[in-house]
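Please go through this structure from the whole chain down to a single strand. The account below starts with overall figures and ends with an annotated region.

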Amino acid sequence: MTAQAPSPLGQIASGSGITAGYMSGFGNGFETEALPGALPVGRNSPQKCPYGLYAEQISGSPFTAPRTTNERSWLYRIRPTVAHWGRFTRMAPGLWCSAPHPAADLPIGPLRWDPQEIPSEPTSFIEGIRTITTCGDVSAQSGMAAHVYVATRSMQDQYFYNADAEMLIVPEQGRLRFRTEFGVIAIEPGEIVVIPRGIKFTVELVEGSARGYICENYGGALTLPERGPIGANCLANPRDFLTPVAAYEDRDAAGTMMVKWGGHLWACDLAHSPLDVVAWHGNYAPYKYDLRRYAPVGPILFDHADPSIFTVLTSPSETPGTANIDFVLFSDRWLVAENTFRPPWYHINVMSEFMGLVYGVYDAKTEGGFVPGGISLHNSMLPHGPDVDAFEKASNSELKPHKLENTLAFMFESRFPQAVTPYAAENGTLQRDYGHYGAKLAKHFDPGRREPR
Ligand SMILES: O=C(O)Cc1cc(O)ccc1O
Ligand SMILES: [Fe+2]
């Protein structure tokens, strides 16, 4: 299980453009060092660590979790986290909310949003987090919040960690560089990054601005779904998940540490960078994944399979098969099913469905309403399905093999109903007439007409 990686020697420098190095595999026990010999051999806690480093363990699971879900890493760092600390004060509540949060006063029904606007004033990744929905309860470690982020500047001497949740980030516009305690992760639209709870990072913009989606997972760590009879290959393959090699900065400069804890943001002054981990080993670490490497499996003769067939990652709950969150992908694929209504069927789902679009057109909807950067929310047990144009097209077109191309939509699907934040309901991006698309579906019933079975 252990992957030995080539380590870049030396330190990371902000904006230096050094190529990020990665190790491959999902949930592996990795080991990596940015200075030769920085990792203690054969033990975790020697009396003195190499190079005068401090040893620190981060436990992502209870110590006693079964081996399959037991997560921890050992970090060898210039200062332990207690030294990257000060007197924290609560930051003003911005637009980042946690569950339970009061729901907007909206009638029940399908909801859809235009893209959130990218502000003209300087806005960092953390400042630009706008919560759209929340569900579950952050302090019960179950449920999630779905956010959009908008950013126009890099975080400068600002560091952050989320004690409440693991963060799954789905960029829609703009490349980002996550400088983390564990190393550097660079991502672009089409890729995702997952930062587990408690891991410190700062976010730099590579271009002028950025926008995307975040699933803040309060519950069980995201993991690969079982493949069952699909076998050992396809869907998201473990080797395509990439974890960074160790990279550190030894930098004594004034900065700010921000922590999200108990549903609030806290900040304190720092005198040195906390990204000071020279070497680490373990299986609790951030990772990235290129969604275009996802190998979809689907119906090859007739019918439309349940979208769970496109699950990339799942956050399990205590109830088998009942996910806290499923992260589901709708990407390029061939539609070949014969005598089949090929788009998603009309649907009422006990799970709630938050959808985003990175690029292209989503096949249940006519082009234009659900656009990249937009959102739809089909909440628990609320009906939804193709609009009238999509229905007519799919019911009448010739069923040749057809490729859905250059499309990337996704769903954060949760067992919990999602509460829309007052911000999302009132900021002007909610499409007021979306809820009525069903009324346009004509009656086709004719007792004298019978389609062949
Ligand atoms: O609502 C949606 O568009 C998501 C979805 C996709 C699909 O292929 C089947 C069911 C479903 O809910
Ligand atoms: Fe659905």
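Two residues count as in contact when their C-beta atoms, placed from the backbone, lie within 7 Å. The model discussed here is predicted. Among contacts in the protein between residues at least 6 apart in sequence, those that join residues at least 24 apart make up 79%.

The overall dimensions come next. The C-alpha atoms fill a box of roughly 85 × 45 × 40 Å along the principal axes. What radius of gyration does the protein have, and does it agree or disagree with that of a compact globule? The protein has 23 Å, which agrees with the globule value, because a compact globule of 453 residues would have a radius of gyration near 22 Å. Of the 453 residues, 43% are buried, where buried means that 20 or more other C-beta atoms lie within 10 Å of the residue's own.

In secondary structure, the protein has 27 strands and two helices. Nine strands form an open sheet with antiparallel pairing, in the order β2-β17-β21-β14-β11-β16-β9-β8-β27. The edges of this sheet are β2 (22–24) and β27 (419–420), each of which pairs on one side only. Strands of a sheet pair through backbone hydrogen bonds, in either a parallel or an antiparallel sense.

Within the sheet, β16 stands between β11 and β9 in the strand order. Which strands pair with β16, and over how many bridges? Strand β11 (residues 166–173) pairs with β16 (residues 210–217) in the antiparallel sense over seven bridges. In that pairing, P171 has G212 of β16 as its bridge partner, and I169 has I214. Strand β9 (residues 142–151) also pairs with β16 in the antiparallel sense, over eight bridges. Here the bridge partner of V148 is Y213 in β16.

Is β16 mostly covered or mostly open? β16 is mostly covered, with eight of its eight residues buried. This holds on both faces: A210, G212, I214 and E216 are buried on one side, and R211, Y213, C215 and N217 are buried on the other.

Last is the annotated region. An unreviewed UniProt entry places the feature "domain: Homogentisate 1,2-dioxygenase C-terminal" at residues 293–445. Over residues 293–445 the chain is 28% strand and 9% helix, and the end C-alpha atoms of this stretch are 43 Å apart.

Terms used:
Residues numbered from 1 in each chain as written. Chains lettered and ligands numbered in written order. Predicted model: local features only at pLDDT ≥ 70, side-chain atom pairs only at ≥ 80, totals over all residues. Helix = DSSP H or I, 4+ residues; strand = E, 2+ residues; numbered from the N terminus. Rg over C-alpha atoms; globule rule 2.2 N^0.38 Å. Buried ≥ 20, exposed ≤ 12 C-beta atoms within 10 Å, placed from the backbone. Pairing = 2+ DSSP bridges. UniProt positions renumbered as here; feature names shortened; annotations may be inferred.
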